[in-house]
Amino acid sequence: MKTAAKTDPKWLHIISRFSHGLNLIAATFAAVLVTVMLLTIVLEVVLRLFSRSTYMADAIVANGLSIATFMTLAWAMESGSMIRVNIVQQMVNDRIRYVMELICTAAAAALTGWLWYYIYLIFERSFQRGSLATYMISFPKWYLDIFPVIGIALLFIHICVRLLRLIFVGDTTERALEI
């Protein structure tokens, strides 16, 4: 069986490579962030041995976890790491499987686009109002709100690539994309 990269039209291959590159950058950023969170926790443990504290470790780790989660959604889907229950798919023929996949992927794209819109509205409101996140130091709240906007946008782009691949190539395989 040919891989999707070899059967994709050139325009879809370009979009797929672009999506892959953005997903890789976001996943790398998240990996660095998780490393920073680990170092923050280690620093906090060491400081508490000497009755000191950063007083920010909980905020850094909580916000870092949220950011890392959103930034890796598309990469997880692209690499085939998301859990998928396909018991129904195994019981139907290829034609029905294709239709089911098409409907589910289109619905996922629509719901992800809808979710992105409302998360974007939250970001925009924080930006326009100049809302502040108050921890030990105050900073604009939109600094944190931008990451879910980016993460959901990357997921939406990836789902759209998958939908385009379904429509134009007919590829219904559930695997990591081969670019």
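1. Basis of the note. Residue numbers start from 1 along each chain as its sequence is written. Because the model is predicted, local features need pLDDT of at least 70 and side-chain atom pairs count only at pLDDT 80 or more, while totals for chains, interfaces and linings use all residues; side-chain values use heavy atoms, without hydrogens or water.

2. Length of helix α2. Helix α2 covers residues 10-49 (helices are DSSP runs of H or I, at least four residues, numbered from the N terminus). Its 40 residues should span 58 Å at 1.5 Å a residue, and the end C-alpha atoms lie 59 Å apart, which agrees; the expected span is 1.5 Å times one less than the number of residues. Ser 51 follows α2 and has a positive phi, near 55 degrees.

3. Buried residues of α2. Leu 12, Ser 16, Ser 19, Asn 23, Ala 26, Ala 27, Ala 30, Leu 33, Met 37, Thr 40 and Glu 44 are buried (under 20% relative accessible area, with a 1.4 Å probe and protein chains only). The buried residues of α2 pack against α3 (57-71), α4 (73-78) and α7.

4. Pairing of α2 with α3. The axes of these helices come within 9 Å and cross at roughly 160 degrees (axes are lines fitted to C-alpha atoms over the stretch in contact, and angles run from 0 to 180 degrees between N-to-C directions). The two helices are therefore roughly antiparallel (angles over 145 degrees). The crossing is left-handed, that is, the near helix is turned anticlockwise from the far one by less than a right angle.

5. Pairing of α6 with α7. The axes of α6 (residues 94-129) and α7 (residues 142-168) come within 8 Å and cross at roughly 160 degrees. That makes α6 roughly antiparallel to α7. Their crossing is left-handed, and the residues of the contact divide into 24 nonpolar, four polar and three charged.

6. Leu 115. This residue belongs to helix α6. Its relative accessibility is 37%, so Leu 115 counts as partly exposed (between the buried limit of 20% and the exposed limit of 50%). Leu 115 and Val 149 are 34 residues apart in sequence and 9.4 Å apart in space, C-alpha to C-alpha.

Conventions. Angles under 35 degrees count as roughly parallel, over 145 as roughly antiparallel, 65 to 115 as roughly perpendicular and the rest as oblique. Ala, Val, Leu, Ile, Met, Phe, Trp, Tyr, Cys and Pro count as nonpolar, Asp, Glu, Lys and Arg as charged, and the others, Gly among them, as polar. Contact means heavy atoms within 4.5 Å.
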